[in-house]
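Please examine the sequence and the structure first.

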Amino acid sequence: VTLSVPQRQSKAQLLEMIERNAQYELERLQKQAQRNLESLEDLSELLGLDEIPKRIEGYDISHIQGANAVASQVVFIDGVAAKQHYRHYKIKNSKVRPGHSDDYASLAEVITRRFRNSGQDNDFPDLVMIDGGKGQLSAVVKILEELALLGKFTIVSLAKQREEIFLPGESEPIPSEPEQPGVQLLRRVRDEAHRFAITGMRAKRAKARTV
């Protein structure tokens, strides 16, 4: 009977493996950065921006027939999710209650709370994406007009059904293809805002059950 004893890797082999893995990771990060840049450039061209949007904020509302309504704010910087800047907002509007939802009023509240004092320190994103269609966008535009902030940054809405992108004052969506890089980036922001809103709503519902 012959026993085979595994041989320990030499220091040189270990160093070679570490170097090879580091090179793979570097190449992966470089490819990801290039894809993000291409998405940002495509989005900039799609929306007619002078520069690529460095900071993108996405907003969504989650509730169950008006109960436990929560809004989400997610942030992407250079096309990458920056989770340290994420935030939940508990909807305080008395019109939003079990059995009665009002996404327009909820979005108006959230945008007011987010940007009410932003003019003092120029804490503005480059682009704001609202999950929804023309109605949701109009509700947010109205609030920004009241705050004298309309035009300080670009704002769009992304409708789920056909992945249509709407700009303020436009009755029709802008021409785009669902699979083009800029639209895919907006979809990632939208999907992340939706996921984070659901997380907040579920946490609020679980807390209410234990009280």
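**Reading the helices and cores**

Q: Which elements cover the buried residues of helix 1?

A: The cover includes strand 1 (55-64), strand 3 (80-81), strand 5 (127-131), strand 6 (154-159), strand 7 (164-166) and helix 4 (181-210). Here helices (H or I, at least four residues) and strands (E, at least two) are DSSP runs numbered from the N terminus, and contact means heavy atoms within 4.5 Å. The model is predicted, with local features requiring pLDDT of at least 70 and side-chain atom pairs pLDDT 80 or more, whereas totals for chains, interfaces and linings use all residues. Residues are numbered from 1 along each chain as its sequence is written, and side-chain values use heavy atoms, without hydrogens or water.

Q: What are the buried residues of helix 1?

A: Buried means under 20% relative accessible area, exposed means over 50%, and partly exposed lies in between (1.4 Å probe, protein chains only). In helix 1 the buried residues are Asn36, Ser39, Leu40, Asp42, Leu43, Ser44, Leu46 and Leu47. Glu41 also belongs to helix 1, but this residue is partly exposed, at 42% relative accessible area. The C-alpha atom of Glu41 is separated by 8.6 Å from that of Pro53, 12 residues apart along the chain.

Q: How is the span of a helix read, and what does helix 1 reach from its first C-alpha to its last?

A: The expected span is 1.5 Å times one less than the number of residues. Helix 1 (residues 11-47) has 37 residues and reaches 54 Å, close to the expected 54 Å. For helix 4, with 30 residues, the reach is 44 Å, close to the 44 Å expected. Helix 3 has 13 residues and reaches 18 Å, again close to the expectation of 18 Å.

Q: Which residues of helix 4 are buried?

A: They are Gly182, Val183, Leu185, Leu186, Val189, Arg190, Glu192, Ala193, Phe196, Ala197, Gly200 and Met201.

Q: How is a pair of packed helices described, and at what angle do helix 2 and helix 3 cross?

A: Two packed helices are described by the angle between their axes and the distance between the axes. The axes are lines fitted to C-alpha atoms, for helices over the stretch in contact, with angles from 0 to 180 degrees between N-to-C directions. Helix 2 (residues 103-115) and helix 3 (residues 134-146) have axes that come within 9 Å and cross at roughly 35 degrees. Tyr104, Leu107, Ala108, Ile111, Thr112 and Phe115 of helix 2 meet Gly135, Gln136, Ala139, Val140, Ile143 and Leu144 of helix 3. These contact residues comprise 9 nonpolar, 3 polar and no charged; Ala, Val, Leu, Ile, Met, Phe, Trp, Tyr, Cys and Pro count as nonpolar, Asp, Glu, Lys and Arg as charged, and the others, Gly among them, as polar.

Q: Against what do the buried residues of helix 3 pack?

A: The buried set of helix 3 is Gln136, Leu137, Ala139, Val140, Val141, Ile143 and Leu144. Its packing partners are helix 2, strand 5, strand 6 and strand 7.

Q: Which residues touch the most other members of the largest nonpolar core?

A: A nonpolar core is a set of buried Ala, Val, Leu, Ile, Met, Phe, Trp, Tyr and Cys residues joined through side-chain atoms within 4.5 Å. In the largest, of 25 residues, they are Tyr59, Ile111, Phe115, Ile130 and Leu144. At least two residues of this core come from each of strand 1, strand 2 (67-77), helix 2, strand 5, helix 3 and strand 6. Another core, of 22 residues, lies apart from it and has Leu43, Val156, Leu158 and Leu185 among its members. Beyond its neighbours within four places in sequence, Ile111 is in contact with Tyr59, Arg116, Ile130, Val140, Ile143, Leu144 and Leu147.

Q: Is Ser106 buried or exposed?

A: Ser106, in helix 2, counts as buried at 1% relative accessibility. Excluding neighbours within four places in sequence, Ser106 is in contact with Ile61, Ile91 and Val96.
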